[in-house]
Amino acid sequence: MSSTSLTQVERLRSLLDTRTMMRAQELRDAGISAQTIARAVEAGEIERIARGLYQKRDAEIEENQILAEAAMRVPKGVVALVSALAFHDLTDQMPRRIWMAIGKSDWAPVQAYPPIRTVRFAEAYLRQGIEYHEIAAVSVPVYSVPKTLADLFRNPKLVDRSVAVEGLRAALQQRKATPSAIAQSAQAGGAWKVMQPYLEALTSNG
């Protein structure tokens, strides 16, 4: 193996020691050739976990790592709806696909692993209430609790109303968001008229 290739292999190892996962383009931007990546996969040093996405073999799997993988596959997406609700521990449902919100004209990924369900939000709703959470050394955009609740109530054709009510009740019981923050987000997110009676009923006893 040439010294140039050896240097690339060492750099590849170093990058994947500090970051659990990386895109092929990120590796190439770091000066690592496609041939070096392919040889590392063949040698069993790294594994291809999705199209254009690699991690060090036997890397420790973090909780919610699948969300990080989805975020890397959909760079403009935001973890949304039931997946965001599950991330915030506000539902017992475990969605079979990762819900990702994208813009009206954004590229949607082809089906692969992890399985992703994209939903298209108008720009006015797409950029509201985004939080960034560090998962597997990846900054993952996830909608906040109030924003997620607003989206659930606004989209009954996508998610059953019972899921939205369950999430609202859990958010209040666990004090993940205040009634005023939830109301403000619902007003900004076009869901207040639908959510209002549920929020008032759940907070009527204090």
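Arg 175 counts as exposed because its relative accessibility is 77%, where exposed means over 50% relative accessible area, buried means under 20% and partly exposed is in between, using a 1.4 Å probe and protein chains only. You'll find Arg 175 in the loop between H8 and H9. Its phi is positive, about 55°, although Arg 175 is not a glycine.

A quick word on what you're looking at: this is a predicted model, in which local features need pLDDT of at least 70, side-chain atom pairs count only at pLDDT 80 or more, and totals for chains, interfaces and linings use all residues. Residues are numbered from 1 along each chain as its sequence is written, and side-chain values use heavy atoms, with hydrogens and water left out.

Helices here are DSSP runs of H or I with at least four residues, while strands are runs of E with at least two, and both are numbered from the N terminus. H8 covers residues 161-173, 13 residues in total, and reaches 18 Å from its first C-alpha to its last. That is close to the expected 18 Å, a span worked out as 1.5 Å times one less than the number of residues.

Which residues of H8 are buried? They are Val 163, Ala 164, Val 165, Gly 167, Leu 168, Ala 170, Ala 171 and Leu 172. These buried residues pack against helices H5 (81-87), H7 (145-154), H9 (179-188) and H10 (192-203), with contact meaning heavy atoms within 4.5 Å.

Is Leu 81 buried or exposed? Leu 81 counts as buried, because its relative accessibility is 0%.
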